[in-house]
Amino acid sequence: MSDYGDGQQLRPDPMDRLRVDFTAFFKEVQQGYLGYAIQMLRHRQDAEDVVQTAGMKIHAKWDDFLAHRNYRALGLRILRDVIKDHIRSRNRVARREQAAAAEAGLHQSCADQILHLGTFDALDRAMDELARREPVQADCVRLRVAQLSYEEIAETLGITPGTARTYYSRGRQLAKDLAASYLRHDQEGEPS
């Protein structure tokens, strides 16, 4: 509350509480969101941009966000949507750049090709396959790697903490087995 200087008090601004609640919520989930985004994008600056964009979207609809029956799951869904939008945007830019280079008769440098191939390492392929086969287990693995507790994972995904622990363990083992298989195939020179 503030006063006019003559002792007359003003009512507290009801929007102050809303802003404080959002700030507290975002500080609580920001590191987990950042870890999840880094897992998905493999680039910290892109992940930070995505988390900030997701935060702005959550803030813009804060009242609706709080009214949702599982706001943690809604927050993760918003983050996933922003990540998808970012990946699509990045792919559009890459296609335009490749088309422009092709028109100009330029070829991608060897270093660019190596960097591009580096995104397809065995672990990335294993996590993609895990997400295709068992999407909830993949989410449990990614959220746990992003340093969320089993209780937070359970609340976010709408499962019990015991199920989150089981799915994390099974998902981690399946991803480990898939990655080993991909590495073995790569070393033998066989297509995977």
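**Exercises on a pocket and a helix pair**

Helix α1 provides the largest share of the lining of the second largest pocket, namely seven residues. The structure is a predicted model.

**Exercise 1.** Describe the second largest pocket by its volume, its lining and the helices that contribute to the lining.

*Solution.* Begin with the volume, which is about 190 Å³ for the second largest pocket. Next, consider the lining: 15 residues form it, and those nearest the pocket centre are Glu28, Val29, Gly32, Leu148 and Glu152. Then assign the lining to helices. At least two lining residues come from each of α1 (14-41), α4 (71-104) and α8 (150-157), with α1 giving the largest share, seven residues. Finally, sort the lining by class: eight residues are nonpolar, four are polar and three are charged.

**Exercise 2.** Determine how α6 is oriented relative to α9, and state the handedness of the crossing.

*Solution.* Two packed helices are described by the angle between their axes and the distance between the axes. For α6 (residues 122-133) and α9 (residues 161-188), the angle is about 130° and the axes lie 8 Å apart. That angle makes α6 oblique to α9. The crossing of α6 past α9 is right-handed.

**Exercise 3.** Identify the residues through which α6 and α9 meet, and classify them.

*Solution.* List the α6 side first: Ala122, Leu123, Arg125, Ala126, Met127, Glu129, Leu130 and Arg133. On the α9 side, their partners are Gly171, Leu174, Ala175, Leu178, Ala179, Tyr182, Leu183 and Asp186. Classification of this contact between α6 and α9 gives 11 nonpolar residues, one polar residue and four charged residues.

Definitions and conventions:
Residues numbered from 1 in each chain as written. Predicted model: local features only at pLDDT ≥ 70, side-chain atom pairs only at ≥ 80, totals over all residues. Heavy atoms only, no water. Axes fitted to C-alpha atoms, helices over the stretch in contact; angles between N-to-C directions. Helix = DSSP H or I, 4+ residues; strand = E, 2+ residues; numbered from the N terminus. Parallel < 35°, antiparallel > 145°, perpendicular 65-115°, else oblique. Left-handed = near helix turned anticlockwise from the far one by under 90°. Contact = heavy atoms within 4.5 Å. Nonpolar A, V, L, I, M, F, W, Y, C, P; charged D, E, K, R; others polar. 1 Å grid on protein atoms, 1.4 Å probe; cavity = no way out; pocket = protein on both sides within 12 Å on 5 of 7 lines; lining within 4 Å. Points joined across faces, edges and corners; volume = space filled by probe spheres on them.
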